[in-house]
Every structure is written in C-alpha cells, then in structure tokens.
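Colleague: I am new to this structure. Please take one part of the chain and go through it closely, then show me how the rest compares.

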Amino acid sequence: MDGNGRWAKKRGLPRAVGHQRGVEAVRRLVRGLDPMALDCLTLYAFSSENWKRSEDEVDDLMNLMRKFIKSDLEEFVANGVKLKIIGNWKALAPDIVAMLEDALDRTSGGSKLLAVALNYGAQDEIARAAAMAAEAGEITADAIEARLDTSDLPPLDLLIRTSGEIRLSNFLLWQAAYAEMLFVDTLWPDFKPEHLAQALDDFARRERRYGGR
Ligand code: IPE
Ligand code: MG
C-alpha cells in the first residue's frame, strides 16, 4: 500500500496523518471483504526495508499498528476475518508480537482470509524457504514454494500497486510469477472498496495463459 506520505504532503499535513488515513483505508476494505469475490486479501503493511525510514516515522507506524489491533480486533473477530501474517514479524517489538499472536489466535475460526505482510521482504522469504528446503535435502521449486510464508494461502492472482509507482518493491516476488498486475494512480488513503471492485472487474477480463497458448 503506497502513497500515504504523498497524500499528506498534497494537503500540507504531516506524514503521520497520511499513515492514519491509510489505516482507515484498510478498515474500510476489511469491512467490505466479500469472500465470494475474493479468497484472500494480502496487504503489504511494513516491509523489511521500511526500517530505513526515520526513527520517528517507524515509531509512528508501529504505534499505529498497536492502536489498530486494539481498536479493531473485536470487529475482525465478529466479522469472521481470519488473520494471517507473512514476513519476519517475530522480529518486531515483543509487545507487538504478543498482540499479533493473540490476534491470530482469536481470529483462527474466521473464514475471510486477510494476510498482512509485516517486516516482509520477498527475497528474505525466498532465502528462508530455500534454506529450509536445503535442510530437508530437497532444493526444487515445489520444495521451496511449500516453505514460503504464503504456503497456506491461495495462489496470488492479482497484484495491485497504488500511487502510480510501477515496481514490485520486494513484494511476493515468487508468488507473482503468473499473477496479473495492476498499477493504479490512486494514493492508498483514497483507495476504497469501489477501487477494489473495479480492479476485480479488470482482472476478470484478462486472459491467463500460464505459458500455454
Ligand atoms: C506507504 O506509504 C506506507 C508504508 C510504507 C507503511 P508511503 O509512506 O510509502 O507514502 P509515499 O510513498 O511517501 O507517498
Ligand atoms: Mg512509498
């Protein structure tokens, strides 16, 4: 999810406000999750490279995460959201790890899959999976794939990047092998369920060949 900073800048507001509005965009989208339309929604919330930002901004993002889990977990449970986390999230602050473990536990009975990438980097994910596959003496594509953080998620069909950037920035590189890509100019805080519906509509019109003809 990209564009929080630019959303704020355009309005002369601090970046932190952009991130707050970004959280609201997440809330709106999760509220509108329709399991008939989507098997799983995966959000790239914090990358393993985002640590390079200023300490203040990283603190803001971590505090927003704490606040969001506190304010929204009950609603997630009530709405049947099933949370998954991908990335090296166990390296986050111990109190956040504990909150996430609780959130995973409390949402485990849900059916609307919401995956959140936290401290996630695809190269790191692939390296960890490859190391595990090597440990098992089985370095094949299937063996690596089975050990990715996403091994229990459905295949990636559509990857949407907001804010007009046309790159993947270390997100789901392996899983994107045959995914459809959509790059939209919308800044993340402006992204609404209608934008997702429009993206799914666009996806439905694409012809996928997976290397066949
Ligand atoms: C994405 O918005 C938020 C996170 C990385 C958590 P940005 O902060 O990257 O927004 P821009 O790119 O400055 O607009
Ligand atoms: Mg950005």
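Modeller: Start with Arg161. Arg161 counts as buried because its relative accessible area is 12%, and the cut-off for buried is under 20%. Keep in mind that this is a predicted model.

Arg161 sits in strand 4, which covers residues 158-161. Its side chain meets that of Asp2 in a salt bridge, at 2.7 Å from N to O. Asp2 belongs to the segment before helix 1 (4-10). The two partners are 159 residues apart, so the pair links distant parts of the chain. Asp2 is buried too, with a relative accessible area of 19%. Side chains of opposite charge can pair when their charged atoms come close.

The pairing goes further. Asp2, Arg6, Arg161, Glu165 and Arg167 are joined into one network by salt bridges that share partners. The structure as a whole holds 21 salt bridges.

Phe183 is in strand 5. Phe183 counts as partly exposed because its relative accessibility is 31%. Leave out residues up to four places away in sequence, and Phe183 touches Arg161, Glu165, Ile166, Arg167 and Leu168. Arg161, Glu165 and Arg167 are also members of the salt-bridge network.

Val184 lies in the loop that runs between strand 5 (180-183) and helix 7 (193-204). Val184 has a relative accessibility of 18%, so it counts as buried. Its contacts, leaving aside neighbours within four places in sequence, are Ile160, Arg161, Thr162, Ser163, Gly164 and Phe191. Leu118 is 66 residues from Val184 along the chain, and their C-alpha atoms are separated by 22 Å.

Strand 5 also holds Glu180. Glu180 is buried, as its relative accessible area is 14%. Glu180 forms a salt bridge with Arg208, and the closest N and O atoms are 3.8 Å apart. Arg208 lies in the segment after helix 7, so this pair ties together parts that are 28 residues apart in sequence. Arg208 is partly exposed, with a relative accessible area of 22%.

Next, the loop between strand 4 and strand 5. Ser169 is found there. Its phi is near 50°, a positive value in a residue other than glycine. Ser169 counts as partly exposed because its relative accessibility is 33%. Leu172 is in the loop between strand 4 and strand 5 as well. Leu172 is not a glycine, yet its phi is positive, at about 45°. Leu172 has a relative accessibility of 3%, so it counts as buried.

Arg128 pairs with Asp149, with the closest N and O atoms 2.8 Å apart. Arg128 is in helix 5 (residues 122-135), while Asp149 is in the loop between helix 6 (141-145) and strand 4. They are 21 residues apart, and the pair links distant parts of the chain. Asp149 is buried, with a relative accessible area of 19%. Arg128 is partly exposed, at 26%.

Now turn to strand 2, which covers residues 81-86 and includes Lys82. Lys82 counts as partly exposed because its relative accessibility is 23%. Setting aside neighbours within four places in sequence, Lys82 is in contact with Thr107, Ser108, Gly110, Ser111, Lys112, Leu113 and Leu114. Arg31 is 51 residues from Lys82 in sequence, and 13 Å away in space, C-alpha to C-alpha.

Finally, the surface. Glu55, Asp56, Asp59 and Asp60 form a negative surface patch. Asp56 has its place in helix 3, residues 55-78. Asp56 counts as exposed because its relative accessibility is 60%, and the cut-off for exposed is over 50%. Patch members have no salt bridge.

Definitions and conventions. Residues numbered from 1 in each chain as written. Chains lettered and ligands numbered in written order. Predicted model: local features only at pLDDT ≥ 70, side-chain atom pairs only at ≥ 80, totals over all residues. Heavy atoms only, no water. Patch = residues over 30% accessible without salt bridge, like charges linked within 9 Å, V, L, I, M, F, W, Y side chains within 5 Å. Areas by Shrake-Rupley, 256 points an atom, 1.4 Å probe, with all protein chains shown as cover. Salt bridge = Lys/Arg side-chain N within 4 Å of Asp/Glu carboxyl O. Lys, Arg positive; Asp, Glu negative; His and termini not counted. Charge placed at Lys NZ, Arg CZ, Asp CG, Glu CD. Helix = DSSP H or I, 4+ residues; strand = E, 2+ residues; numbered from the N terminus. Buried < 20%, exposed > 50% of the residue type's maximum accessible area, 1.4 Å probe, protein only. Contact = heavy atoms within 4.5 Å.
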